[in-house]
Amino acid sequence: MKDPIIVIGLGELGSVFARGFLRLGYPVQGITREMDSDVIAKSIPNPAAVLVAVGEADIEQTLAEIPQQWKDKVILLQNELLPRDWIAAEIKNPTVISVWFEKKKGMDSKVVLPSPIYGANAKLVFDALAQIDLPSFVIDTEEELTYELVRKNLYILTTNIAGLEVGGNVDTLANQHSNIMQAVANDVLDIQDWLTETQNDRPRLMEGLLEAINGDLEHGCMGRSAPARLTRAIGFADKAGLEIHKLRTLAAKHL
């Protein structure tokens, strides 16, 4: 029998990946909020992988509580994720997937773009998603991983935060409110540059944003997490001493 795969967080995304792993023949041990990871780690000290599928609001605490013997097996998939997050938790070389499909309760997964994967367990994740007909691809460098994570952050933050002002879907945002989209995106990228400690390739990222928008033109802008995302963005900007005029204007109006 294959070594089991641990799935921390059995929401919509965690359940999707668990199904893929099961179809590959791996036993899956789920962990919910009520369960103690250290207790599970004593009975499963050497799993094949440990997928962390909690929401971004819970990722810091969850990573801090990962049992030491699991830290070299971690797979991450959160929005707003960057290398600083796993470095702070002393997790080295995790496998990371930038998820470009949406899964909501009672509906099938809806693909926006193929999902890029990086790390030691990239092929495992690729194979699991292939089992359930979700497209993905493996990337080879940390630099490309950073681009993909920043691109996803740019898409999520820009559409959510601009959506507080304009509502509607991403097609309307890009084609009828492009000035607002551009202003929000510029502020978001200022924050991403500070968080990644680098000057990211803005023309390429803006092209990547438009590619994602065109991947699902009907995708709604403002999710339930939009106010929390804007609040987090303002918090980072305050620490960095960034002006981000557009985001602060929107925060004053909508928070």
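Which residue in β3 is the bridge partner of Ile-8? It's Val-52, and the views below start from there. This is a predicted model, with pLDDT of at least 70 needed for local features and 80 or more for side-chain atom pairs, while totals for chains, interfaces and linings use all residues. Residues are numbered from 1 along each chain as its sequence is written, and side-chain values use heavy atoms, leaving out hydrogens and water.

**View 1. Strand β3 and its two parallel partners.** Strand β1 (residues 5-8) runs parallel to β3, joined by four bridges. β3 also pairs in the parallel sense with strand β4 (residues 74-76), here over three bridges; in β4, Ile-75 is the bridge partner of Leu-51. To get from β3 to β4 the chain goes through helix α3 (residues 59-64), a right-handed β-α-β crossover (right-handed: with the strands pointing away from the viewer, the path from the first strand over the helix to the second runs clockwise). Helices (H or I, at least four residues) and strands (E, at least two) are DSSP runs numbered from the N terminus, and two strands pair if DSSP finds at least two bridges between them.

**View 2. The faces of β3.** Strand β3 (residues 49-52) is covered on both faces: Ala-49 and Leu-51 are buried on one side, Val-50 and Val-52 on the other. Buried means under 20% relative accessible area, exposed over 50% and partly exposed in between (1.4 Å probe, protein chains only).

View 3. Seven strands form an open sheet in the order β2-β1-β3-β4-β5-β8-β9, with mixed pairing. β2 (28-31) and β9 (136-138) sit at the edges with a single partner strand each, so one side of each has no neighbour in the sheet. Among the pairs, β5 (residues 95-97) and β8 (residues 115-118) are antiparallel over two bridges, with Ile-97 opposite Ile-117 in β8. Helix α1 (residues 12-23) packs on the sheet, touching β1, β2, β3 and β5, and its direction makes about 170° with that of β1 (axes are lines fitted to C-alpha atoms, for helices over the stretch in contact; angles run from 0 to 180 degrees between N-to-C directions).

**View 4. Around Leu-247 in the largest nonpolar core.** This core has 63 residues, and Val-52 and Leu-247 have the most contacts inside it. A nonpolar core is a set of buried Ala, Val, Leu, Ile, Met, Phe, Trp, Tyr and Cys residues joined through side-chain atoms within 4.5 Å. Helix α6 (residues 142-166) supplies the largest share, 11 residues. Leaving aside neighbours within four places in sequence, Leu-247 is in contact (heavy atoms within 4.5 Å) with Ile-161, Val-184, Asp-187, Ile-191, Leu-230, Ala-233 and Ile-234.
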